[in-house]
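Please open the model in your viewer and keep the selection panel at hand.

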Amino acid sequence: LKARVAEVIDITGIGYEQNKKIGSLSKGYKQRVGLAQALVHNPSVLILDEPTSGLDPNQIVEIRSLIEQIGREKTVMLSTHIMQEVEAICQNIIIIDKGDIVANGSTKEIASLALDSKMVTVEFAEVPSADIVDQLRMFGRIVKHEGAVFTINSADNVDIRPKLFNFAVANGLSIVQLQEHEAHLESV
């Protein structure tokens with residue numbers, strides 16, 4: 001066990017701090033100690049939840065590098081909503097929305113899904129009725145909804161702004177803003 005502890009201390013780079021109490025360590029070193037604790041029993045699968053949350057930029061780079069190194073020998077699963085994290089570390093991605101798998105593939109495949117969709121934000125002068133909100137779903141998936149502002153993902157790569165405008169006119173709605181956005185991995 002002592003040999004394994006020494007090996008994990010070396011892998012995680014906590015040798016300089018190994019004799020300090022955890023409470024006195026920086027957040028980055030606390031993350032490393034957590035990884036060391038998880039690795040000491042040599043698991044084949046490692047599940048990490050938001051591994052770089054709250055770290056400074058240098059610590060983020062170091063922890064990502066450490067995760068990549070560990071991933072060469074073990075299956076590492078990340079639970080995160082930070083897509084930059086996913087793009088920087090992951091080889092395969094599974095995106096789960098409300099318990100359903102909505103995307104599954106390599107980083108490149110998932111990124112291509114973002115390229116095949118358009119995001120539109122529409123802001124109405126007044127908060128629309130629940131019936132109108134239901135009808136908005138015919139234009140695509142409502143990604144974000146705050147009051148009278150809706151962000152809609154059109155998965156078929158069609159500019160839905162003219163259709164939304166005509167819908168608003170037909171339903172007596174006034175549009176304050178209608179803006180198209182470039183889709184990113186976050187939109188998938």
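A contact here means heavy atoms within 4.5 Å. Among contacts between residues at least 6 apart in sequence, 59% join residues at least 24 apart. The model is predicted, so local features need pLDDT of at least 70 and side-chain atom pairs count only at pLDDT 80 or more, while totals for chains, interfaces and linings use all residues. Residues are numbered from 1 along each chain as its sequence is written, and side-chain values use heavy atoms, with hydrogens and water left out.

Keep everything selected and look at the overall extent: along its principal axes the C-alpha trace spans about 75 × 35 × 25 Å.

Next, select Leu35 and Leu46, which touch the most other members of the largest nonpolar core, a set of 17 residues. Such a core consists of buried Ala, Val, Leu, Ile, Met, Phe, Trp, Tyr and Cys residues joined through side-chain atoms within 4.5 Å, where buried means under 20% relative accessible area, exposed over 50% and partly exposed in between (1.4 Å probe, protein chains only). Colour α1 (2-12), α2 (27-39), β1 (45-49) and α3 (57-71), each of which supplies at least two residues of this core; helices (H or I, at least four residues) and strands (E, at least two) are DSSP runs, numbered from the N terminus. With residues up to four places away in sequence set aside, Leu35 touches Thr12, Leu46, Leu48, Ile63 and Leu66.

Then move to a second, separate core of 16 residues, which includes Val133, Leu136, Ala148 and Ala168.

Finish at Met77, which lies in strand β2 (residues 75-79) and is partly exposed, with a relative accessible area of 44%.
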